[in-house]
Structures are given as C-alpha cells and as structure tokens.
Amino acid sequence: MTSINELAKQTTATSQIPIIDFYPFVTGDTKAKVAVANQISRAIEEMGCFYLKNGVSQTLIDQAFTQAEGFFTLPLAEKEKVASAVTGRSRGYIPFEKMFIGEQPGQLHESFSFANEFDPNKSGADDYTESLDVPNQWPENPPEFRQVLQQFFQASQECALNILEALAIALQLPNSYFTDLHSQQNHAGVFNYYPNISQAPKIGQTRFFEHTDLGSITLLFQDRGGGLEVYTPQGEWITTSSVPNTVLVMAADMMSRWTNDKFCATPHRVSVPTNFQKVKERYSFSFFVIPNYEVEVTCLESCLKADESPKYPPTFVGDHLLNRTKDRATKYGRS
C-alpha cells in the first residue's frame, strides 16, 4: 500500500498534501475499497486534507468554472438581480466586500451560493427548515449557468457520498453509516471569485477569513489562481495548489465531533500577501456536505481511547448550523 510520504512526493513543491486515486474505490472490490479508505484516513490524520483524483469529471469542473467566470464578469447591476439579503445559509449573489465577520472589514471576494432545489414539504427537520432552507435564486445569464451548475452540484454530491462511505469503512462502521445520516441532502455549494487587488487592504481585511466548515466534510475545487492555505495537524500553514483532475477534501466540524478529532476539522483561509499588487485573481467552488438537521452528533465509541472522554458535548446538526451562522452572518448592503 502506498504510504503518505510516497503520495506526498506526487504533489507540488508548495504542498505536502497527498493525492489519492479514488478510481479503485469506485470500481474495485472490498479489498480495494478498504485500501483506499485507509489511505484517506491516514491523510486526514496526518495532513488534515487530501487531493482526491478521479472523483469528479475534469470536463464538468471546467464547464462549471467557465459558467462561473461568465457570471462574475457580468455588470454589477445584473448580478445584483439575484443578490441575497438573508443571513446564514444564503442563496444567491453576495457582492465584493459585502461579507462581514463580526466587526472586520468586508472580505475581498464576491460569491454565488445555491443548493438542491428548495422543498417546502421536506419532512424530518421541521424545527430547522424555516431557518436554514431558503429557495435558490438563478440568474438569466449566462444562459447555461443553472443547468451546468446543477450538474456539477449533483456530481459533487455523488462524490461526497462515496467519500463518506470510505470514512465509515476506515472507522470500521457499516458502509452506509454516514451516508444514512445525510439522506436529506442539505448540502450547499458556493462559488467564490477573488479579483485582483488594486489598493492596499484595510487593517484586518482578508480575502477569506480563517475558519473551519460547518458540515461533515468539504470538497474544494480551485483554479490555478492559488492562495488557499490549510492548517495541518502539525501546526503549520501550507499553501495548496491546483492539481488537475482532483478536488481538495477537508474534514469539517461534525466529523471532528464524531471522531473526537481523529478526523479533525481543517482550518483554512485565503490571505492577502504582503505584495498584494501581485496577487492573482482566483475562482473556487466549495461543496459543503451537511448531515440531516435532526441528527444528534455524539462521539463514536470506537474513537475514544482508554480513559479518554469526548472533547465535545452532543449537539444537533441544526443547532450547530444556527449557532455558527450567527457568528458569521452575512450583512448584505452594510456600508
């Protein structure tokens, strides 16, 4: 079996993040699935993330990024026709410098967010849907924007469910343990556009603030603009790269709680370099994998060592989302 160190040699010089080929997991037998699952487990434990190869078609990734570029280059007035005015899990467009965290200056990017089509009759999560689920807003242009992004979303969702199965296998749980807890398909997707920076940023201003993600795992696609930094379990910030035919996979908050930090949520950010005038424009797409809202997340017994106690109290997914989104509310239109 390929070791993490051997996998790391396949990546660029700016990153020791391993590349894991998912093809044997999707097409192979039980032995192949276990081998890939164990590679994924070690990668998350040792590096906090990994590049997954053959998870989503590169052709579809390219098509989605082309559509995103077409949208973000539209005149502001046209983009604002689908602007979001809701906090938390918003749907639609957020203009440049209009996402605020606390009292920090607005962040140096703009975004477009969407999810599976809103179902007002969705059962099993009545206490949370009104607060967490809102309808999508789709622009008229580019003409194929909605169709391509929905195809991309579905492909990302299929890939994410396979990764969740691999994580269950690595933890010696039933294969469907995690996928069963994501049956509501509460996942969300966000395209971010980071333009070139023409003037010095304000004090405390960043391209995207340091954070961990809310769900169980996150799939992060990015172009060659670079700039995403991840914080490893060894306490080091490293810069990621765009590796063709791959997606960067990171553990998120719920996986930390299930595994008592065996699969610890990965802090990440997009900083403003000292020489900000040389910063490259950047496009990225984050696919947030969200469990069912009413699931109570407690530490798995298999992830507790002898005489060890859970690091986190039990929490319901919906409560966690509501509490975290209050802390990072988007205040569209704030001056």
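Let me start with Phe153, which lies in helix H7. Keep in mind throughout that this is a predicted model. Is Phe153 buried or exposed? Its relative accessible area is 1%, and the cut-off for buried is under 20%, so Phe153 counts as buried.

What does Phe153 touch, leaving aside residues up to four places away in sequence? The list is Phe114, Ala115, Asn116, His187, Ala188, Gly189 and Phe287. Take His187 from that list. His187 and Phe153 are 34 residues apart in sequence, and their C-alpha atoms are 9.1 Å apart in space.

Staying with H7, which covers residues 145-170, I turn to helix H3, residues 30-47. The two axes come within 8 Å and cross at roughly 90°. That angle falls in the 65 to 115 range, so H3 and H7 are roughly perpendicular to each other. On the H3 side, the contact is made by Lys33, Val34, Ala37, Asn38, Ile40, Ser41 and Ile44. H7 contributes Glu165, Ala166, Leu167, Ile169 and Ala170. By class, that contact has eight nonpolar residues, two polar and two charged.

E10 has antiparallel partners. Strand E2, residues 49-53, is joined to E10 by five bridges, and Tyr51 has Leu248 of E10 as its bridge partner. Strand E7, residues 217-222, also runs antiparallel to E10, with four bridges between them. In that stretch Ile217 stands opposite Ala251 of E10.

Last item: an open sheet of four strands. Its order is E6-E11-E8-E9, and the pairing is antiparallel. Which strands form the edges? They are E6, at 208-211, and E9, at 237-239, each pairing on one side only. From one strand to the next, the twist averages 25°. At the E9 end, three bridges join E9 to E8, residues 228-231. Val230 has Ile238 in E9 as its bridge partner.

To recap: Phe153 is buried, H3 and H7 cross at roughly 90°, and E10 is bridged to E2 and to E7.

Notes. Residues numbered from 1 in each chain as written. Predicted model: local features only at pLDDT ≥ 70, side-chain atom pairs only at ≥ 80, totals over all residues. Heavy atoms only, no water. Pairing = 2+ DSSP bridges. Helix = DSSP H or I, 4+ residues; strand = E, 2+ residues; numbered from the N terminus. Axes fitted to C-alpha atoms, helices over the stretch in contact; angles between N-to-C directions. Parallel < 35°, antiparallel > 145°, perpendicular 65-115°, else oblique. Contact = heavy atoms within 4.5 Å. Nonpolar A, V, L, I, M, F, W, Y, C, P; charged D, E, K, R; others polar. Buried < 20%, exposed > 50% of the residue type's maximum accessible area, 1.4 Å probe, protein only.
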